[in-house]
Amino acid sequence: MSYKNQRIVLFDGVCGLCNAWVDFILKRDSKGSFKFAPLQGEYASQIVPDHASELKSIVYICFGKEYTKSGAVLRILRDLGGVWRFAWIFWLIPFFVRDPLYLIIATNRYRFFGKRDTCRFPSEQERQRFIN
């Protein structure tokens, strides 16, 4: 599957916060615009090998362009549309301020939000939205 014409969210499949974020997007993406894949999977290791091995950031690939950390979160919210697009105002905060805050949460995410034993297994309804 080519990622050049897709909106793909690559996430830490065992992270409680990351899985909650995927649930958040799934619930609000009524058009089915977003696809998902765990960073621990083969797909992520092929297209973003550095991020797949480090698991330090969510990765958002939007029509071939890669975004990470707070930039990924803000672009996802913008692309969800509706009231969520107003989060784009936070883009005015420079990334060198946003990203350290993101990294504090990312570094402590297992402690604060838990860690699963295995990667997320999509439900039957979600399966078409996930990339193997």
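The points below go through the sheet, the helices and a few single residues of this predicted model.

1. Basis of the note. The model is predicted, so local features are given only at pLDDT of at least 70 and side-chain atom pairs only at pLDDT 80 or more, while totals for chains, interfaces and linings use all residues. Residues are numbered from 1 along each chain as its sequence is written, and side-chain values use heavy atoms, with hydrogens and water left out. Helices (H or I, at least four residues) and strands (E, at least two) are DSSP runs, numbered from the N terminus.

2. Four strands make up an open sheet in the order 2-1-3-4, with mixed pairing; two strands are taken to pair if DSSP finds at least two bridges between them. Strand 2 and strand 4 are the edge strands, each pairing on one side only, and the twist averages 20 degrees from one strand to the next. Strands of a sheet pair through backbone hydrogen bonds, either parallel or antiparallel.

3. Strand 1 and strand 2. These two strands run parallel and are joined by five bridges, with Leu-10 standing opposite Ala-37 in strand 2. Four of the five residues of strand 1 are buried, so this strand is largely enclosed by the rest of the structure; buried means under 20% relative accessible area, exposed over 50%, and partly exposed in between (1.4 Å probe, protein chains only).

4. The hairpin. Strand 3 (residues 59-62) and strand 4 (residues 65-68) run antiparallel and are joined by four bridges, and Ile-61 stands opposite Glu-66 in strand 4. The two strands form a hairpin with two residues between them, and Phe-63 in the turn has a positive phi of about 50 degrees. Phe-63 is not a glycine, and this residue is partly exposed, with a relative accessible area of 48%.

5. Leu-55 has a positive phi of about 55 degrees although it is not a glycine, and Leu-55 is found in the loop between helix 3 (49-54) and strand 3. For background, most residues other than glycine have a negative phi.

6. The twelve residues of helix 4 should span 16 Å at 1.5 Å a residue, and the end C-alpha atoms are 17 Å apart, which agrees; the expected span is 1.5 Å times one less than the number of residues. Nine of the twelve residues of helix 4 are buried, among them Ser-70, Leu-74, Arg-75 and Asp-79. The buried residues of helix 4 pack against strand 1 (7-11), helix 1 (16-28), strand 2 (34-38), strand 3, strand 4 and helix 5, where contact means heavy atoms within 4.5 Å. Helix 4 lies across strand 1, strand 2, strand 3 and strand 4, and runs at about 115 degrees to strand 4. Just after helix 4, Gly-81 takes a positive phi of about 80 degrees.

7. Helix 4 against helix 5. The axes of helix 4 (residues 69-80) and helix 5 (residues 95-107) come within 7 Å and cross at roughly 95 degrees; axes are lines fitted to C-alpha atoms, for helices over the stretch in contact, and angles run from 0 to 180 degrees between N-to-C directions. The two helices are therefore roughly perpendicular to each other, given that angles under 35 degrees count as roughly parallel, over 145 as roughly antiparallel, 65 to 115 as roughly perpendicular and the rest as oblique. On the helix 4 side the contact is made by Lys-69, Ser-70, Gly-71, Val-73 and Leu-74, which meet Arg-98, Asp-99, Tyr-102 and Leu-103 in helix 5. The residues of this contact divide into four nonpolar, two polar and three charged, where Ala, Val, Leu, Ile, Met, Phe, Trp, Tyr, Cys and Pro count as nonpolar, Asp, Glu, Lys and Arg as charged, and the others, Gly among them, as polar.

8. Helix 1. Helix 1 has 13 residues and reaches 19 Å from its first C-alpha to its last, close to the 18 Å expected. The buried residues of helix 1 include Trp-21, Phe-24 and Ile-25, and what covers the buried residues includes strand 1, strand 2, helix 4 and helix 6 (109-113).

9. A buried lysine. Lys-35 lies in strand 2 and is buried, with a relative accessible area of 18%. Not counting residues up to four places away in sequence, Lys-35 touches Gln-6, Arg-7, Ile-8, Val-9, Gln-128, Arg-129 and Ile-131.
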